[in-house]
Amino acid sequence: MTTNPNGRAVPLVASGHTRPVTHLSFSPLQEDGSYLLISSCKDGKPMLRDWTGDWIGTFMGHKGAVWSAKLSLDTAKAVTGSADFTA
């Protein structure tokens with residue numbers, strides 16, 4: 001979140017999902033001070049984003065809601081848990 005000139009909090013908006021987000025997972029801080037995040041969603045398409053919320057990519061293949069997702073410590077791999085009995 002950031003603040004506007006009036007001191008009010010302004011949420012980071014990262015568009016792209018078509019259904020409610022069920023989980024967010026953040027990577028450890030990288031050497032350059034940035035991090036990645038992965039969002040799980042009822043639309044079945046987990047999305048990878050950089051620390052500013054900019055879209056990097058979408059993981060395709062699930063047929064149902066994705067309830068959770070996690071990045072490996074080196075951010076080279078991701079794992080998801082889904083309602084379609086796949087991971």
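Which strand does Leu24 lie in? Leu24 sits in strand S3, residues 21-26.

A note before the views: this is a predicted model, in which local features need pLDDT of at least 70, side-chain atom pairs count only at pLDDT 80 or more, and totals for chains, interfaces and linings use all residues. Residues are numbered from 1 along each chain as its sequence is written, and side-chain values use heavy atoms, with hydrogens and water left out.

**View 1. The four-stranded sheet.** Four strands make an open sheet in the order S3-S4-S5-S6, with antiparallel pairing. S3 and S6 are the edge strands, each pairing on one side only. Direction ignored, neighbouring strands here are turned by 20° against each other on average. Strands are DSSP runs (E, at least two residues), numbered from the N terminus, and two of them pair if DSSP finds at least two bridges between them.

**View 2. The S4-S5 hairpin.** Strand S4 (residues 36-41) and strand S5 (residues 47-50) run antiparallel and are joined by four bridges. Leu37 has Arg49 in S5 as its bridge partner. Five residues separate the two strands of this hairpin, and Gly44 in the turn has a positive phi of about 80°.

**View 3. On to S6.** Three bridges pair S5 with strand S6 (residues 55-58), again in the antiparallel sense. Arg49 turns up here too, opposite Trp55 in S6. This hairpin has four residues between the strands, and Gly53 takes a positive phi near 95°.

**View 4. Ser40 in S4.** Ser40 lies in strand S4. Ser40 counts as buried because its relative accessible area is 0%, the cut-off for buried being under 20%, with exposed over 50% and partly exposed in between (1.4 Å probe, protein chains only). The Ser40 side chain reaches the backbone oxygen of Ser68 at 3.5 Å.

View 5. Val21, Leu24 and Phe26 make a nonpolar surface patch of about 280 Å². Leu24 has 45% relative accessibility, so Leu24 counts as partly exposed. Patches take residues with over 30% relative accessible area and no salt bridge, joining nonpolar side chains (Val, Leu, Ile, Met, Phe, Trp, Tyr) within 5 Å and like charges within 9 Å. A salt bridge is a side-chain nitrogen of Lys or Arg within 4 Å of a carboxyl oxygen of Asp or Glu. Areas come from the Shrake-Rupley method with a 1.4 Å probe.

Note on methods
Axes fitted to C-alpha atoms, helices over the stretch in contact; angles between N-to-C directions. Polar contact = N/O pair within 3.5 Å; in protein donor to acceptor, adjacent residues only side chain to side chain.
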